[in-house]
Amino acid sequence: MASSSILYVGPMGCRTGFYLLTRDTLSQEEALLLVQKTLAFIASYEGEIPGAQSSKECGNYLDHDLPAAKSYAKDYGEVLKDWTTQQMDYDYQKQ
């Protein structure tokens, strides 16, 4: 998977989720796998949180919470671990 397929990854303004914008060269399977791997990385992350040291680095630097992020990533990783691209289709969800 080429990094040139990723256009943007970043938080939503309300900080309740994130955007993952890709070129059409990234398949749904690759995008799902990327999200699954990202959640696994966050769930096991140890170290300093980038941007968490001062307001110059991030306006919300006091809100950074590695233990909570790891917990959420683990929980969402469990939800997505067996997902298929069919489950990403809204029509599939209505069945």
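Predicted model: local features only at pLDDT ≥ 70, side-chain atom pairs only at ≥ 80, totals over all residues.
At 53% relative accessibility, Lys 37 counts as exposed, and this residue is found in helix H1. The C-alpha atom of Lys 37 is separated by 8.5 Å from that of Gly 77, although the two residues are 40 residues apart along the chain.

Taken along the principal axes, the box filled by the C-alpha atoms is roughly 45 × 30 × 25 Å. The chain has 95 residues, of which buried residues make up 14%. The accessible surface of the chain comes to about 7,500 Å², and carbon and sulfur atoms account for 54% of that area. When contacts between residues at least 6 apart in sequence are considered, 38% of them join residues at least 24 apart.

A search of the whole structure finds two salt bridges. In one of them, Glu 46 is paired with Lys 70, and the closest N and O atoms of this pair are 2.4 Å apart. Because Glu 46 lies in the loop between helix H1 (28–44) and helix H2 (66–80), whereas Lys 70 belongs to helix H2 itself, the pair ties together parts that are 24 residues apart in sequence.

Lys 81 has its place in the loop between H2 and H3. Lys 81 and Phe 18 are 63 residues apart in sequence, and their C-alpha atoms are 18 Å apart in space.

On the surface of the model, a nonpolar patch is formed by Tyr 72, Tyr 76, Val 79, Trp 83 and Met 88, which together have about 530 Å² of accessible area. Tyr 76 lies in helix H2 and counts as exposed, with a relative accessibility of 51%. Val 79 also lies in helix H2, and at 51% relative accessibility this valine counts as exposed as well. The C-alpha atoms of Val 79 and Gln 36 are 9.7 Å apart in space, while the two residues are 43 residues apart in sequence.

The loop between H2 and helix H3 (90–94) also holds Thr 85, which counts as buried at 18% relative accessibility, a value that falls in this class because buried means under 20% relative accessible area. When residues up to four places away in sequence are not counted, Thr 85 touches Gln 28, Glu 29 and Leu 32.

Towards the other end of the chain, Arg 23 is placed in the loop between strand E2 (18–22) and H1. Arg 23 counts as partly exposed, its relative accessibility being 45%. Leaving aside neighbours within four places in sequence, Arg 23 is in contact with Ser 4, Ser 5 and Leu 7. Between Arg 23 and Asp 82, which are 59 residues apart along the chain, the separation of the C-alpha atoms is 24 Å.

How values were computed:
Residues numbered from 1 in each chain as written. Heavy atoms only, no water. Salt bridge = Lys/Arg side-chain N within 4 Å of Asp/Glu carboxyl O. Helix = DSSP H or I, 4+ residues; strand = E, 2+ residues; numbered from the N terminus. Buried < 20%, exposed > 50% of the residue type's maximum accessible area, 1.4 Å probe, protein only. Contact = heavy atoms within 4.5 Å. Areas by Shrake-Rupley, 256 points an atom, 1.4 Å probe, with all protein chains shown as cover. Patch = residues over 30% accessible without salt bridge, like charges linked within 9 Å, V, L, I, M, F, W, Y side chains within 5 Å.
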